[in-house]
Amino acid sequence: MKNYIILSLLLTFSFGFSQMKFKSIDAEKFQKQINSEYADAKTSPLMEEDLKSFKTLDFYPINGKYFVNARFEKAENEKVFEMKTTGTRTPKYVKFGTIYFTIDGAEMQLNVYRNIELSKQKKYKDHLFLPFSDLTCGKESYIGGRYIDLKIPKGSTIAIDFNQAYNPYCAYNHKYSCPIVPLENDLKIEIKAGVKTFH
């Protein structure tokens, strides 16, 4: 019985605090996939004139420093709200939780959100939305901030790879309406990872 309890505790600990390792191949796959989507007229957000000359997006060099195993704290009793966008559209979101992590010794936190309508679709039922801005915005990266797609974690740890941060569609084409990064998700450091500004 004692051994069973110890085993149960070990399993709970390993699932609750499971650590993922950085793999540069995952970031490389992300870059290939997004380039492929943007090069295809059927899936590209690019304007027609940009699509004609498109070869690749500009990325920061892949860097394991910007892969973090963050502590995930699920939000409780949050109300659904309308997220501001660059247009008139106001999609409904709910704050799903907060992630806590460290980069270069600096402790940071970001909120993650769940899109109410998207979560009703089977494909996106586990999808979480992480919008953020940082000190590169308006210089090397898009002024409006960037996004990362995540999945709801099974435990209290979630892996965040800033090497897979991408620009909102409105960074490429004014016809799109994109969620504006909430003020609480503005980081006071430079995140030199992911997609850079366009042009």
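1. A contact here means heavy atoms within 4.5 Å. In this predicted model, 64% of the contacts with a separation of 6 or more are accounted for by residues 24 or more positions apart.

2. Overall architecture. The protein holds 3 helices and 7 strands, and along the sequence these follow the pattern α-α-α-β-β-β-β-β-β-β. The radius of gyration is 18 Å, close to the 16 Å given by the globule rule for 199 residues, so the protein is as compact as a globular protein of that length. The C-alpha trace spans about 70 × 35 × 35 Å along its principal axes. Of the 199 residues, 42% count as buried.

3. Strands β3 and β4. These two strands run antiparallel and are joined by 10 bridges.

4. The largest nonpolar core. This core has 24 residues, of which Ile99, Phe101, Ile103, Ile160, Phe162 and Ile191 touch the most other members. At least two residues each come from β1, β3, β4 (106-115), β5, β6 and β7 (157-161). Strand β3 gives the most, with 4 residues. Isoleucine 160 illustrates the packing: leaving aside residues up to four places away in sequence, isoleucine 160 touches Tyr66, Phe67, Val68, Ala70, Ile99, Leu130, Ile148 and Leu150. A second, separate core comprises 20 residues, including Tyr113, Tyr142, Ala171 and Tyr172. As general background, nonpolar side chains in soluble globular proteins tend to be buried together.

5. The search of the whole structure finds 12 aromatic pairs. The rings of phenylalanine 72 and phenylalanine 96 have centres 6.2 Å apart and planes at 25°; because planes under 30 degrees apart count as stacked, the pair falls in that class. Phenylalanine 72 lies in strand β1 (residues 67-74) and phenylalanine 96 in strand β3 (residues 92-103), so the pair ties together parts that are 24 residues apart in sequence. Phenylalanine 72 is buried, with a relative accessible area of 9%, and phenylalanine 96 is likewise buried, at 9%.

6. An edge-to-face pair. Phenylalanine 129 and tyrosine 147 form an edge-to-face aromatic pair, with 4.7 Å centre to centre and 75° between the planes. Phenylalanine 129 belongs to strand β5 (residues 127-132) and tyrosine 147 to strand β6 (residues 146-151); the pair thus links distant parts of the chain, 18 residues apart. Phenylalanine 129 counts as buried at 5% relative accessibility, and tyrosine 147 also counts as buried at 5%.

7. Aromatic cluster. One aromatic cluster is formed by Tyr38, Tyr169, Tyr172, Tyr176 and Phe198. Among these residues, Tyr172 is also included in the second core described under point 4.

8. Lysines over rings. Lysine 74 lies over the face of phenylalanine 96, at 4.6 Å from the ring centre. Phenylalanine 96 is also the β3 partner in the pair with phenylalanine 72. Lysine 196 lies over the face of tyrosine 60, at 4.9 Å from the ring centre.

Notes
Residues numbered from 1 in each chain as written. Predicted model: local features only at pLDDT ≥ 70, side-chain atom pairs only at ≥ 80, totals over all residues. Heavy atoms only, no water. Phe/Tyr/Trp six-rings, centres within 6.5 Å; stacked < 30°, edge-to-face > 60°. Buried < 20%, exposed > 50% of the residue type's maximum accessible area, 1.4 Å probe, protein only. Lys NZ or Arg CZ within 6 Å of the ring centre and 35° of its normal. Core = buried A, V, L, I, M, F, W, Y, C linked by side-chain atoms within 4.5 Å. Pairing = 2+ DSSP bridges. Rg over C-alpha atoms; globule rule 2.2 N^0.38 Å.
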